[in-house]
Amino acid sequence: MKMNSSLKLRITLLFSVVFLAFESHAQTNKLVVNTESGNVQINKHIYGHFAEHLGRNIYGGIWVGPDSDVPNEDGYRKDVMQALIDLEIPNLRWPGGCFADEYHWTDGIGDPNDRPKMVNTNWGGVTEDNSFGTHEFLNFTKKINTVPYITGNVGSGSVEEMSKWIEYINFDGESPMADLRRKNGQEDPWDIEYWGVGNESWGCGGHMTPEYYANEYRRYATYARDYGGNKLYKIAGGANNWDLNWTEVLMKNIPLQMMDGLSLHYYTVTGTWEEKGAATKFTKEEYLETLNKAAVMDDLIAKHSQIMDKYDPEKKVGLIIDEWGTWFKVEEGTNPGFLYQQNTMRDAHVAAITLNIFNKHAERVHMANLAQTVNVLQAIILTNENDMILTPTYHVFDLYKPHKDAILLDHFLSSEKVAFGKQSAEALHVSTSKSEDGTVNISIANIHPDKKVSLDIDLLGKEFKTVSGEIVTASSVDTYNTFEKKDAVKKASFSDFKLNKNILKVDAPANSVLMIRVK
């Protein structure tokens, strides 16, 4: 019997795995990649972002108003817009977050001078003037060429309110809401696909039980109508990290045909939720603690996916991790409710580890949203009046662009350990994919703060002729960009590798994130 090439590659990979298992005690750094094995596409929406009305995310971050001295285009900061355009963000979630469940969309349309003010009770108790509403958000997403993802108000809203919002945005015919949209200056519908039905309904979104929320979801989703041939992608408000029962109840009680996605929230915290560690001052043991907590995402997704598989074996419902990232103490002298924190190479490694994990679970994970875009939590951009800096996390997202919509490849990694105090972890974290043109993409995070790691890579399936590389690194894991020194961490070219047909050797510097591309 003649063995086909795909089977040969899988058997070769299996033998490689067995061989590496025997070698692992010697801390061999080896990566075996089956370059012809993939059939799962990594959804570009895994690389999404989140803009809540929180702190200086919207006001001062994205929106300054047309009369501001900050260079702007129709009220939107030009520098932030360009940074997001350059990053090619696939989607942007709005208006929250906890804010979504106290937001009433009709307060944010029409003449800005006539819009009612409200108190943002979740985030700092500041006054929200509603100058950034539906039109401002959707016009912004059009300017930066990204897909909007809107979260509706279930906690303090009503079925009618959300139903009319969808009609206002998406209906192409004659109706009270469509006519109101036209009166407010938008003739054509926006045809928005992604809609979240509430946010954190187990907490700030209403403190509901999963059984109660499942029934509420069914009611809200019933009146979330498709208009003009536009099919809504409806996302149920899912669990908080390890609440597996929440996922079980929703998967059991919500008919699959009513739900396209189920969300999951998980934040990486150093210390405890009540006593969080600092963003820039930490020990090496705390550094590893943080990265180990980020890596928990792998098991977290696996456990929730196992429950989803029981009710949805065909994986029609996507797991939507629409809030993730680091959560540290706020910077000294800032409003505690604004959640402003700096962003170091430690955050860059959290991003790299997490994105590698999302890629690994691409068959179930359809979308994710880093919290948050500007000036909040693990932000990719920080602003100060008319100045702006890009964070290490921004540069990791930039580095990982080739993974978007690429085909996930099978691989096996054997990595040495790094240890400090009671904390230890594998030094290397990787993801492998293949782009449409046949280029193999290998992202590598060497989290060891002090040691270069040499990695031998076997590329099974074919011989390769060219290799290129880019890197994000810095002198120490607590390095971060400031308004005085904006490029302490940045993306740069990388060439410390050697390719010989299908054997690639890479020397990954200490404290670095790499993207290696072979063709």
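**Close-up views of a predicted model**

View 1. At 11% relative accessibility, Trp63 counts as buried, because the cut-off for burial is under 20%. The model shown here and in the views below is predicted. Tyr76 is buried too, with a relative accessible area of 3%. The structure holds 23 aromatic pairs. Trp63 and Tyr76 form one of them, in an edge-to-face arrangement. Their ring centres are 5.1 Å apart, with 70° between the planes. Trp63 lies in the loop between strand 3 (48–50) and strand 4 (72–73). Tyr76 belongs to strand 5 (residues 76–77), so the pair ties together parts that are 13 residues apart in sequence.

**View 2. Trp94 stacked with Phe137.** The centres of these two rings lie 4.6 Å apart, and the angle between the planes is 15°. Trp94 sits in strand 6 (residues 91–94). Phe137 sits in helix 3 (residues 134–143). The pair thus links distant parts of the chain, 43 residues apart. Both Trp94 and Phe137 are buried.

**View 3. One aromatic cluster.** Trp63, Tyr76, Trp94 and Phe137 are among the members of one aromatic cluster. Other members include Phe99, Tyr103, Trp105, Phe132 and Phe140. Trp165, Tyr168 and Trp195 also belong to this cluster.

**View 4. Charged side chains over ring faces.** Lys276 lies over the face of Trp273, at 4.5 Å from the ring centre. Arg346 lies over the face of Phe282, where the distance to the ring centre is 3.8 Å.

**View 5. The largest nonpolar core around Ile321.** This core has 110 residues. Ile321 and Trp324 touch the most other members. Helix 9 (residues 345–360) gives the largest share of the core, nine residues. Leaving aside neighbours within four places in sequence, Ile321 is in contact with Leu264, Met297, Ile301 and Phe358, among others. Its contacts also include Val365, Met367, Ala368 and Asn369.

**View 6. A second, separate core.** This core contains 23 residues. Leu413, Ala427, Ile471 and Val518 are among them.

**View 7. The largest pocket.** About 750 Å³ of space lies in this pocket. Its lining comprises 33 residues. Asp298, Asn356, Lys360, His411 and Val430 lie nearest the centre. Helix 8 (284–311) supplies the largest share of the lining, six residues. Helix 9, strand 18 (410–414), strand 20 (423–426) and strand 21 (428–434) each supply at least two.

Definitions and conventions
Residues are numbered from 1 along each chain as its sequence is written. This is a predicted model: local features need pLDDT of at least 70, side-chain atom pairs count only at pLDDT 80 or more; totals for chains, interfaces and linings use all residues. Side-chain values use heavy atoms; hydrogens and water are left out. Rings of Phe, Tyr and Trp (its six-membered ring) pair if their centres lie within 6.5 Å; planes under 30 degrees apart count as stacked, over 60 as edge-to-face and the rest as tilted. Helices (H or I, at least four residues) and strands (E, at least two) are DSSP runs, numbered from the N terminus. Buried means under 20% relative accessible area, exposed over 50%, partly exposed in between (1.4 Å probe, protein chains only). A charge sits over a ring if NZ of Lys or CZ of Arg is within 6 Å of the ring centre and within 35 degrees of the ring normal. A nonpolar core is a set of buried Ala, Val, Leu, Ile, Met, Phe, Trp, Tyr and Cys residues joined through side-chain atoms within 4.5 Å. Contact means heavy atoms within 4.5 Å. On a 1 Å grid over the protein atoms alone, a cavity is a set of points where a 1.4 Å probe fits but cannot get out, and a pocket is an open set with protein on both sides within 12 Å along at least five of seven lines; lining residues have an atom within 4 Å of a point. Grid points are joined across faces, edges and corners, and a volume is the space filled by probe spheres set on the points.
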